[in-house]
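Try each task with the sequence and the coordinates open before turning to its solution.

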Amino acid sequence: MASTSTIETVMPLDTTATHEATPSAETLRAHEDKLRRRESTLRVVVPVVIVAALLLVWEWMVRANDIPHYILPAPSLILRTLFDNWGSLSGALWFTVKLTLLALGAAIVGGVLLAIAFALFKWVEIGLFPIAVILQVTPIIAIAPLILIYVSSTTAALLLCAWIVAFFPILSNTVIGLKSADSNLRDLFQLYKASPWQTFRYLLAPSALPYFMAGLKIAGGLSLIGAVVAEFTAGTAGKETGLASRILESSFRTEIPMMFAALLLVSLLGIVIFIVFAALSRLVLGHWHESEMRRER
């Protein structure tokens, strides 16, 4: 009887201790929010600190060794050149932005529509996919002169060159996504006699969306590269030209700081494009797909 009463008195104490040791839902949520804020801060602070340190080393190296500005300008001189020539560089930047976005928009429309046709009609894929592969594997710098010859408008030729570069990642990734839908779910949709539109909307499109977003992030940068390479090949000059023309003009005149300033704008534009599409991917997929869902580390 004594041992029984001892057990009865000890058991409630152990249960209470276990209950107190288990964290509540609010505590877990607060901990996850803290980890998420710390990760977000590190993602911003660490790259900024590294880039700032590299720029300081660059500035010190140029000043310490008295390197002439026509060989390697200091970051401070590049920024001063950028501000002094912002009038001409801003127009070139806007032209490059328009060309890049138009090419990317055309690549999205054409790539998605053709990918849907590939997924729904086998004969379309058999007939047209090799042509898309040929366009992708042929260097754009090799076919750009021909495009500039056969297309009367220089702007249209530049747009076509940028579109060719950005088109294939959208097409390829979307086709893979449409074909990656679970075969068991396909059979279930057929069993319930779902229409082709219902199958596409509720099964194929959600399956292809993560692949499409991955292709979009790739195509965003490639459309910028295609626009710059095409303009380099065209060698155009004048008011309606982009940043590549400013780089060419600066190289002809040996204005190295101006060349670096234009190159800086090209790099910043590429970074902005990547950040925008990465944020869009996180917004679209973050609440349901594993590739963008944030996990505790």
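**Exercise 1.** Which residues does Ser 250 touch, not counting residues up to four places away in sequence?

*Solution.* Keep in mind throughout that this is a predicted model. Begin by placing the residue: Ser 250 is found in helix H10. Next, leave out the residues up to four places away in sequence, and the contacts of Ser 250 are Glu 255, Met 258 and Met 259. Finally, consider accessibility: Ser 250 counts as buried because its relative accessibility is 2%, the cut-off for buried being under 20%.

**Exercise 2.** How many helices and how many strands does the chain have, and what percentage of its residues is buried?

*Solution.* The chain has eleven helices and zero strands, and from the N terminus on its elements therefore read α-α-α-α-α-α-α-α-α-α-α. Of the 297 residues in the chain, 32% are buried. Turning to contacts with a separation of 6 or more, one finds that 69% of them join residues 24 or more positions apart.

**Exercise 3.** Which elements give two or more residues to the lining of the second largest pocket, and which of them gives the most?

*Solution.* The space in the second largest pocket comes to about 380 Å³. It is lined by 14 residues, of which Val 51, Leu 55, Trp 58, Pro 75 and Leu 264 are the closest to its centre. Sorting the lining by element, helix H2 (25–64), H3 and H11 each give two or more residues, and H11 gives the most, with six. Sorting the lining by residue type instead, eleven residues are nonpolar, two are polar and one is charged.

**Exercise 4.** How many salt bridges does a search of the whole structure find, and are Glu 59 and Arg 63, which form one of them, buried or exposed?

*Solution.* The search finds four salt bridges. One of them joins the side chains of Glu 59 and Arg 63, at 2.6 Å from N to O. Because these two residues are four residues apart in helix H2, about one helical turn separates Glu 59 from Arg 63. As for their accessibility, Glu 59 is buried, with a relative accessible area of 14%, whereas Arg 63 is exposed, with a relative accessible area of 56%.

The side chains of Arg 246 and Glu 249 meet in another salt bridge, at 3.5 Å from N to O, and since these residues are three residues apart in helix H10, they too are separated by about one helical turn. Here Arg 246 is buried at 9% relative accessible area, while Glu 249 is partly exposed at 21%. Elsewhere, salt bridges that share partners join Lys 122, Glu 125 and Lys 179 into one network; within this network, Lys 122 and Glu 125 meet at 3.6 Å, N to O.

**Exercise 5.** How far apart in sequence and in space are Arg 186 and Thr 199?

*Solution.* Arg 186 is found in helix H8 (residues 183–191) and is partly exposed, with a relative accessible area of 30%. In sequence Arg 186 and Thr 199 are 13 residues apart, and in space they are 7.8 Å apart, C-alpha to C-alpha. Not counting residues up to four places away in sequence, Arg 186 touches Leu 178, Lys 179, Ala 181, Leu 203 and Leu 204.

How values were computed: Residues numbered from 1 in each chain as written. Predicted model: local features only at pLDDT ≥ 70, side-chain atom pairs only at ≥ 80, totals over all residues. Heavy atoms only, no water. Buried < 20%, exposed > 50% of the residue type's maximum accessible area, 1.4 Å probe, protein only. Contact = heavy atoms within 4.5 Å. 1 Å grid on protein atoms, 1.4 Å probe; cavity = no way out; pocket = protein on both sides within 12 Å on 5 of 7 lines; lining within 4 Å. Points joined across faces, edges and corners; volume = space filled by probe spheres on them. Nonpolar A, V, L, I, M, F, W, Y, C, P; charged D, E, K, R; others polar.
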